[in-house]
Amino acid sequence: MTTSPVILVTGASGVVGSALLRHLSGPPGGGRVISLAHRRPVAGEVVRGDITRPWLGLSPGDYRDLTAATDVVVHCAALVHFSATARSLHRMNVRGTGHVLRFVEDAGARLVHGSTAFVTRTRPEATSSAYAGSKADSETLVTESGLPAAVARISTVIGDARTGTVARLQAFHYLVGMAMWGRLPFLPCAETTLIDMVPTDVVAAALAALARDGSARGKYWITAGPAALPMSRVVDTGCDIALELMAEAGTAPPDVGLRKLQPRLVDPALYDAVVAGVLSAAQGASPGPDAGDDGVPPSALRHVTGLLASYNGVAPFPTSLGTIPGGPPALAESAADSALRATYRYLGAIPRETWTLGW
Ligand SMILES: NC(=O)c1ccc[n+]([C@@H]2O[C@H](COP(=O)([O-])OP(=O)(O)OC[C@H]3O[C@@H](n4cnc5c(N)ncnc54)[C@H](OP(=O)(O)O)[C@@H]3O)[C@@H](O)[C@H]2O)c1
């Protein structure tokens, strides 16, 4: 293989894939990158396909040309919606990965498989359980294929470390976006629960390094590890940034009571027993399609409980950052904190209605 392998990226329009594409087109560059685009537009060299279909939905000629050209596949196409049915999760994340593996075999290529650190946290009460289960099944397929593969177990992806930008809002972004504007009075989470977050550009740099390292095999944790931040800090930072943004915009004096609206972190067991009942009773009394102007959408409450179930009471993730040749250094706590601030600033610029209607 040459020093600059030809890389095929699936899911190149997604949160992770678009950051990877940006990284691969930046310095040192030089390598050919092809994207398997699906519905949304993708810049650069593109082949349009569908991983849920045999031969990636390509014509025989396109399939042959693509296998002949490809040295490494970085597989970022996936269904990451936590509310998706088990059937659609299986179709995309398991069967789709099967088709990608067949492609890797036909191309004599190597695979970097985008997975999630949450494959180790498939608790039934967690909203992400079915999704994480489908990703665990896809990891099994990859391992059992015997093909040369590196599995990248990515934790919660936040925005770019500098700009805070995310290509698409996902569950965690809704959680912190709602929290920062005082939309969630309580969060079922211990203050000390660690929230493992990685900026998109760090994920992209790690995936690019795994793609370029011909010897990368086995499992890699693309996680903050010891730089995970306690939930109390995540919530405090959101409120700080909201106040900063309001002061900068001159829309209100800093002390508008937002601090009082900051979510209270309550023991998850207590939340289940008392708070959820009280909130849903109050909710039942309030008008509006789902919440009204000042209410908390019941759907959001369900999401919050289910989402935080993946973080509460579990051991922190290990990390491989800092050990991948040519990859990014391990994330320092200060870097995690600054990326979180940048993400909040980005989220803070999004229309406020998003945080009532989006979830
Ligand atoms: N974001 C996170 O917090 C996070 C955390 C841990 C792990 N991960 C992992 O990282 C990977 C990427 O996730 P993401 O957050 O970037 O997802 P995403 O933003 O939802 O992007 C999904 C990508 O898959 C493409 N796609 C959808 N259906 C397809 C099909 N039938 N054929 C080909 N491509 C298709 C989409 O293209 P179109 O939009 O054009 O359909 C899009 O580019 C996944 O393996 C995920 O499990 C993500």
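**Exercise 1. Which strand pairs with β6 in the parallel sense over five bridges?**

Numbering starts from 1 along each chain, as its sequence is written. The model is predicted: local features need pLDDT of at least 70, side-chain atom pairs count only at pLDDT 80 or more, and totals for chains, interfaces and linings use all residues.

*Solution.* 
- Step 1. Helices (H or I, at least four residues) and strands (E, at least two) are DSSP runs, numbered from the N terminus. Two strands pair if DSSP finds at least two bridges between them.
- Step 2. Find the partner. Strand β11 (residues 218-222) pairs with β6 in the parallel sense, over five bridges.
- Step 3. Pick one bridge. Arginine 153 has tryptophan 221 of β11 as its bridge partner.

**Exercise 2. Describe the pairing of β6 with β5, and how the chain links them.**

*Solution.* 
- Step 1. Strand β5 (residues 110-116) and β6 are parallel and share six bridges.
- Step 2. Right-handed means that, with the strands pointing away from the viewer, the path from the first strand over the helix to the second runs clockwise.

**Exercise 3. Decide whether β6 is enclosed or open.**

*Solution.* 
- Step 1. Set the cut-offs. A residue is buried if 20 or more other C-beta atoms lie within 10 Å of its own, exposed if 12 or fewer, and partly exposed in between; C-beta atoms are placed from the backbone.
- Step 2. Recall the geometry. In a regular strand the side chains alternate between the two faces of the sheet.
- Step 3. Check each face. Ala149, Val151 and Arg153 are buried on one side, and Ala150, Ala152 and Ile154 are buried on the other.
- Step 4. Conclude. Six of the six residues of β6 (residues 149-154) are buried, so the strand is largely enclosed by the rest of the structure.

**Exercise 4. Trace the pairings of β4.**

*Solution.* 
- Step 1. Strand β1 (residues 7-10) runs parallel to β4, joined by four bridges. Here valine 9 stands opposite valine 74.
- Step 2. β4 also pairs with β5 in the parallel sense, again over four bridges. Valine 74 stands opposite valine 112 there.
- Step 3. From β4 the chain passes through helix α3 (residues 86-107) to β5, in a right-handed β-α-β crossover.
- Step 4. Both faces of β4 (residues 72-75) are covered. Val72 and Val74 are buried on one side, Val73 and His75 on the other.

**Exercise 5. Locate the largest nonpolar core.**

*Solution.* 
- Step 1. Define it. A nonpolar core is a set of buried Ala, Val, Leu, Ile, Met, Phe, Trp, Tyr and Cys residues joined through C-beta atoms within 7 Å.
- Step 2. Count its members. The largest core has 109 residues. Those touching the most other members include Leu20, Val74, Ala152 and Val203.
- Step 3. Find the main contributor. Helix α6 (residues 200-212) gives the largest share, 10 residues.
- Step 4. Look at valine 203. Not counting residues up to four places away in sequence, valine 203 touches Val16, Ala19, Ile154, Val157, Val198 and Ile222. Contact means that the C-beta atoms, placed from the backbone, lie within 7 Å.

**Exercise 6. Describe the shell around the ligand.**

*Solution.* 
- Step 1. The shell holds 27 residues (C-beta atom, placed from the backbone, within 6 Å of the ligand). The closest are Gly11, Gly14, Ala77, Gly114 and Val157.
- Step 2. α1 (15-25), β5 and β7 (156-158) each give two or more residues. α1 supplies the largest share, three residues.

Notes: Contact = placed C-beta atoms within 7 Å.
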